[in-house]
Amino acid sequence: MQEAQALLEVQAADPAVQLAAVTQLGDLRSLNSVSALQAIVEAAQAPAASAAQQTLATAAATSIAQIESWSSWATAIETLFRGSA
């Protein structure tokens, strides 16, 4: 439920709500949100990107790093217990 709520709030008009949602998705380690977070990062690379978009993109990049780090650890632990393929 939290993940779904945060994914909806990423599209909110209020930058503070978006920032909180992006941070929450990283904290939740939401693999489902990586594409939405990447879109935020890419949008901030446009020449006309605002300071708010760049701040949001920085938070999105941090969340992506959290998610990818967690995913790597989870895969390593799963491999440890199941054995390599």
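Q: Let's start with threonine 55: is it buried, partly exposed or exposed?
A: Keep in mind that this is a predicted model. Threonine 55 has a relative accessible area of 46%. Buried needs under 20% and exposed needs over 50%, so threonine 55 counts as partly exposed.

Q: Ok, and which helix is threonine 55 in?
A: Threonine 55 sits in helix 4, which covers residues 51–82.

Q: How far is threonine 55 from proline 15?
A: Their C-alpha atoms are separated by 9.5 Å, while along the chain the two are 40 residues apart.

Q: Switching to helix 2. How many residues does it have, and how far does it reach?
A: Helix 2 has 14 residues and reaches 20 Å from first C-alpha to last, close to the 20 Å expected at 1.5 Å a residue.

Q: Which residues of helix 2 are buried?
A: Those are Gln18, Ala21, Val22, Leu25 and Gly26. Looking down the axis of helix 2, the buried residues fall within an arc of 135 degrees, so they line one face of the helix.

Q: And what do those buried residues pack against?
A: They pack against helix 1, helix 3 and helix 4.

Q: How do helix 1 and helix 2 sit together, at what angle?
A: They pack at about 145 degrees, with axes 8 Å apart, and their crossing is left-handed.

Q: Which residues meet there?
A: From helix 1, Gln2, Glu3, Ala6, Leu7 and Glu9 meet Val17, Gln18, Ala21, Gln24, Leu25 and Leu28 of helix 2. By class, that contact has six nonpolar, three polar and two charged residues.

Note on methods:
Residues numbered from 1 in each chain as written. Predicted model: local features only at pLDDT ≥ 70, side-chain atom pairs only at ≥ 80, totals over all residues. Heavy atoms only, no water. Axes fitted to C-alpha atoms, helices over the stretch in contact; angles between N-to-C directions. Helix = DSSP H or I, 4+ residues; strand = E, 2+ residues; numbered from the N terminus. Left-handed = near helix turned anticlockwise from the far one by under 90°. Contact = heavy atoms within 4.5 Å. Nonpolar A, V, L, I, M, F, W, Y, C, P; charged D, E, K, R; others polar. Buried < 20%, exposed > 50% of the residue type's maximum accessible area, 1.4 Å probe, protein only. Expected span 1.5 Å × (residues − 1). Arc of directions from axis to C-beta.
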